[in-house]
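Trainee: Hi! I'd like to go through this structure with you, one topic at a time.

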Amino acid sequence: MTHLLDLRGLTKRFPAFTLGPLDFAVPAGSITGLVGANGAGKSTLMKLLLGLLPADGGAVTLFGRTYTGAEPELKARMGFVLDPPGPPRHLTPLELGTLVKPFYPRWDAARFRSLGQRFELPMKTTFQKLSQGERMKTLLALALSHDAELLLLDEPTSGLDPLARRDVLDLLLEVVQDEGRAVLFSTHIVSDLERVTDQVAFLKDGRMILAGAKDDLLDAWRLVKGGPELLDSPAAARAAGGRRCEGRVELLCPAEDARALATPEAVLSERPTLEDLAFFHGRPLETLPC
Amino acid sequence: MPEPLLRLRGLTKRYRAFTLQEASLDLPPGSLMGLLGPNGAGKTTLLKAILGLVRLDAGTLTFQGRDLAQHGAELRRRIAFVPDTPAFQPGARLATLKEAHAPFYPGFDETRWKGLMADFGLDPRRKAQELSLGQRTRFALTLALAQDWDLLVLDEPTTGLDPVFRRELLQRFSEALDERRAILFSTHITSDLEDRADFVTFVRDGQVVLSDTQEAIKGRWGVVKGGLDLLDEPVRRAFKGLRETPHGFEALTDNLPGTRAHFGEQALVERPSLEDLLVLLGRKAHA
Amino acid sequence: MRDLLRRDLKLHKVAFVLPAVVALLGGLAAFWTGEPPIVFLVLSLGVVLLQPHALHLREEHHGTLRELHVLPVTPRQIVGLRVVEGLLGALGVALLHGMLALVLQGPGVFQGLGQLVSPGWLWMLLMVLLVPLPVTLRWGGRGWMGLILGAFALGGGLTMLGQFEGALPFRTALFRALLWTMDYTTAHPWQHTLALLALMAACLPLSEAALRRRSL
């Protein structure tokens, strides 16, 4: 399997915050979701991937090459949707198309028009008058019309209502129908991940605490619920996180430990949801509220 | 059923391009109600009406048995509100903003406020203009939760808040709820309310299309997935929402057992998620 | 009301600086130029009476007007707040100017004390603070654009009127009525004052109604 994006030991240091080292790859034909709390480093990572920030260590490899000397060419093969500021707000989608066209050798005007029709975009309305969903669809249409192979999207579903969100996600699924393409997007909405992603990466305090194929990740963990006697087991010490609530204990454990814990009848062992993983992982027993 | 804490009857507000039409709902004490709907459906207008921010063309609002239009100022002491994009005087420090806010609310708990500020990672010496949207929302939440409220109204406060924070927030809400309090929570992130909200209200095109306990809705409604050959005119008409793709259809029914019996093995009939309900109820007009 | 005033003091510290500086400068200017203090007092008062409008527009500009309306206060209290802010400001400016005059020019300046009880003050209060108040509360910044444009149009219209005086049929009746009113009021100060007070009182419920109509 080819990797469109490959991170090796990528590091960026700020006075109060360090991102990385991150090792991660995005294979062709996949959608990868990036989750993390505010300030975990998602936006910094996006900027590093776009070459907007110089890295302090490690390398970003895109389509098997680094940015050095090939930046315009590589960027022409990528599509981005970043958080604000976004495109000039007084232009219409049609004008935006004309604006970006000269930068992309593979720009396909006919495709842009047909995408506009399909998304029911008002092509002659200025950007600032479009709804959030229409804005996001415009940006996606722009990215898809220059035949981007790798889409990097910073919170494309944030602020969208569920209808628009489902449209956007369906569109991402459609993009990766073409096996040569891949999508990396960050989100605050875990159900987005459940709906469309193949791979998930959790960022926390600048480190990637969990990353991998969604199903493997979920298979590797169990959420074990039971009485306080759970904590006596040696396996409890290996739990990645948990909480105690009115005498009930919940632990996030590696799947093999869960079997060791699940002896008495009072114990319940479940496959966690992605939200459970995000919530419990790396959070010791006493730090979580009930 | 106890006397509702908040009762809306026939709320109507006409704008040039949009009308909120005779919205009615009851929010019993002790419950968390989710308010769901696409953008522009009228959720914000409805919440603003409760806060006295819009002049209604018709309808009555009753809070704790008293008319909100008449006793608004007095009753609002018991209502806490978190708007979708909270705004604060840019130059003011958070501590100053709190001092300007707290005297209006008897029972504002200074100790709890300080605890919340620490829990939410906010420094009272910061100035409002230095905060991101997520932080402004967190700050608005500290002010609301330190108040001694009976009704907490939240207008999509979750944009910009990460999943872990949101989950903790919902836990705080369920801890705070007792038999005199209620929460009305509008959000786009339906998965947050799944199995957590006691009541759910769906708003669409300015109308309340469905408002009931989540349990009752999930027991009665269903999503149907099947091939296009199953769709004929009577079936289409019986559906409460329909989405067709080249590969098949997804539809909504308000008669789960009946639909199961009708289709048998031919179609998949499942309990709907809140998102299914929202998306498909939304598609009704396009069917 | 006290909480509302305190809230404004806390949130709009910067906004209070400008009128205070203007008032102070006015007082000093009276001393330096040797003009009667009353001239500068009038100017400073004008600025201070605009202040409540400025505060409301500031809240609108920063998007915090909604926060103000959500507070458990009645629209009447918000109107009251703006009026009280204007009155307190006016009082403050008058005292400041009086003190400065007293300190810098000695007690002699108070010979013209009679001037200070002129109905002119009431006119200022009415025209600068109270008449535009419903506009501020209902339309905010847009309302003031309208007011300013309206004032220009009126000014322009009046100059034009001067040129075409002879050609206007209503001229005599309108002017005569205006002249008569001015004559009458200057001749009957009591009635004049009472009428002004009545006009001012009428502005308050108007402001409250205006505020209630505002949707945020």
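Trainee: Where is the place of Asp147(A) in chain A?

Mentor: Asp147(A) sits in the loop between helix 5 (132–145) and strand 6 (150–154) of chain A. Helices (H or I, at least four residues) and strands (E, at least two) are DSSP runs, numbered from the N terminus. Before we go on, some ground rules. This is a predicted model, where local features need pLDDT of at least 70 and side-chain atom pairs count only at pLDDT 80 or more, while totals for chains, interfaces and linings use all residues. Residues are numbered from 1 along each chain as its sequence is written, chains are lettered from A and ligands numbered from 1 in the order in which they are written, and side-chain values use heavy atoms, with hydrogens and water left out.

Trainee: Got it. What is the phi of Asp147(A)?

Mentor: Its phi is positive, about 65°, although Asp147(A) is not a glycine. Most residues other than glycine have a negative phi.

Trainee: And is Asp147(A) buried, partly exposed or exposed?

Mentor: Asp147(A) is partly exposed, with a relative accessible area of 26%. The cut-offs are: buried under 20% relative accessible area, exposed over 50%, partly exposed in between (1.4 Å probe, protein chains only).

Trainee: Which loop is Asp205(A) found in?

Mentor: Look between strand 8 (199–204) and strand 9 (207–213) of chain A, where the loop holds Asp205(A). Asp205(A) also has a positive phi, near 45°, and is not a glycine. With a relative accessible area of 58%, Asp205(A) is exposed.

Trainee: Let's zoom out. How many helices and strands does chain A have?

Mentor: Chain A has 10 helices and 13 strands. Its C-alpha trace spans about 65 × 40 × 35 Å along the principal axes. Of its 290 residues, 55% count as buried.

Trainee: Which chains have the most contacts between them?

Mentor: That is chains A and B, out of the 2 pairs of chains that touch. Contact means heavy atoms within 4.5 Å. Chain A and chain C do not touch, and their nearest C-alpha atoms are 19 Å apart.

Trainee: How many residues does the contact take from chain A and from chain B?

Mentor: It takes 28 residues from chain A and 27 residues from chain B. The two chains bury about 2,400 Å² between them, 47% of it on carbon and sulfur atoms. Buried area is the accessible area (1.4 Å probe) that two parts lose on being put together, summed over both.

Trainee: How many salt bridges are there between chain A and chain B?

Mentor: There are 8 salt bridges between them, a salt bridge being a side-chain nitrogen of Lys or Arg within 4 Å of a carboxyl oxygen of Asp or Glu. Arg165(A) and Glu275(B), for example, are joined by a salt bridge at 3.5 Å, N to O.

Trainee: What about Arg166(A), is that one buried or exposed?

Mentor: Arg166(A) counts as buried, because its relative accessibility is 2%. You'll find Arg166(A) in helix 6 of chain A. Leaving aside its neighbours within four places in sequence, Arg166(A) is in contact with residues including Arg195(A), Arg243(B) and Glu275(B).

Trainee: Now chain B and chain C. How many residues does their contact take from each?

Mentor: Chain B gives 26 residues and chain C gives 25 residues. They bury about 2,300 Å² between them, 59% of it on carbon and sulfur atoms. On the chain B side, Leu53(B), Gln89(B) and Phe104(B) lose the most area to chain C, together 30% of what that side buries.

Trainee: How many salt bridges are there between chain B and chain C?

Mentor: The count is 1 salt bridge. Asp84(B) forms a salt bridge with Arg66(C), with the closest N and O atoms 3.9 Å apart.

Trainee: One last topic: why is helix 5 of chain B largely enclosed?

Mentor: Because 11 of its 14 residues are buried, helix 5 of chain B is largely enclosed by the rest of the structure. Among those buried residues are Gly134(B), Phe139(B) and Leu143(B). What covers the buried residues includes helix 3 (94–101), helix 4 (110–119) and strand 7 (151–155) of chain B.
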